[in-house]
Amino acid sequence: MCINGENFTQKSLSLMEYLELKGLNSALIALELNGKIIPKDEFEKVVFKQGDKVEILSFVGGG
């Protein structure tokens with residue numbers, strides 16, 4: 001699987017595990033999985049697997 005350009009060799013990895021690994025808050029991200037935007041109410045069910053292409057956008061405040 002490829003997450004934000006980084007290749008992972010694990011057979012599977014849940015979104016929540018990945019977010020914890022990277023220190024990201026699920027409330028502050030948008031998720032695209034294989035070209036499809038995933039609604040926030042489905043985040044708990046998302047498990048990445050081999051061949052998946054994932055983009056995670058993190059929102060930050062600033063001025």
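The structure holds 2 salt bridges. A salt bridge here is a side-chain nitrogen of Lys or Arg within 4 Å of a carboxyl oxygen of Asp or Glu. Side chains of opposite charge can pair when their charged atoms come close. This is a predicted model, where local features need pLDDT of at least 70, side-chain atom pairs count only at pLDDT 80 or more, and totals for chains, interfaces and linings use all residues. Residues are numbered from 1 along each chain as its sequence is written, and side-chain values use heavy atoms, with hydrogens and water left out.

Take the salt bridge between E6 and K22. Their side chains meet at 3.4 Å, N to O. E6 lies in strand 2 and K22 in helix 1 (residues 15-22), so the pair ties together parts that are 16 residues apart in sequence. Helices (H or I, at least four residues) and strands (E, at least two) are DSSP runs, numbered from the N terminus. E6 is partly exposed because its relative accessibility is 35%. K22 is partly exposed as well, at 38%. The cut-offs are these: buried means under 20% relative accessible area, exposed means over 50%, and partly exposed lies in between (1.4 Å probe, protein chains only).

The other salt bridge joins D52 and K49. Their closest N and O atoms are 4.0 Å apart. K49 has a relative accessible area of 48%, so it counts as partly exposed.

Two strands pair if DSSP finds at least two bridges between them.

Strand 4 runs antiparallel to strand 7 (residues 53-58), and 5 bridges join the two.

L33 lies in strand 4 and is buried because its relative accessible area is 17%. Contact means heavy atoms within 4.5 Å. Leaving aside residues up to four places away in sequence, L33 touches I38, V46, F48, D52, K53 and V54. One of these, D52, is also the salt-bridge partner of K49. L33 and I56 are 23 residues apart along the chain, and their C-alpha atoms are separated by 8.6 Å.

Next comes the turn. Strand 4 and strand 5 form a hairpin with 2 residues between them. N34 sits in this loop. Phi of N34 is positive, near 50°, in a residue other than glycine. Most residues other than glycine have a negative phi, and most peptide bonds are trans. N34 is partly exposed because its relative accessible area is 45%.

N4 shows a positive phi too, near 50°. N4 is in the loop between strand 1 (2-3) and strand 2. At 36% relative accessibility, N4 is partly exposed.

Two residues remain. S14 lies in strand 3 (residues 12-14). S14 has 16% relative accessibility, so it counts as buried. S14 touches V46, V47 and F48, not counting residues up to four places away in sequence. V46 and F48 are also among the residues that L33 touches.

Is E44 buried or exposed? E44 has 64% relative accessibility, so it counts as exposed. E44 lies in the loop between strand 5 and strand 6 (47-49). E44 and F59 are 15 residues apart in sequence and 19 Å apart in space, C-alpha to C-alpha.
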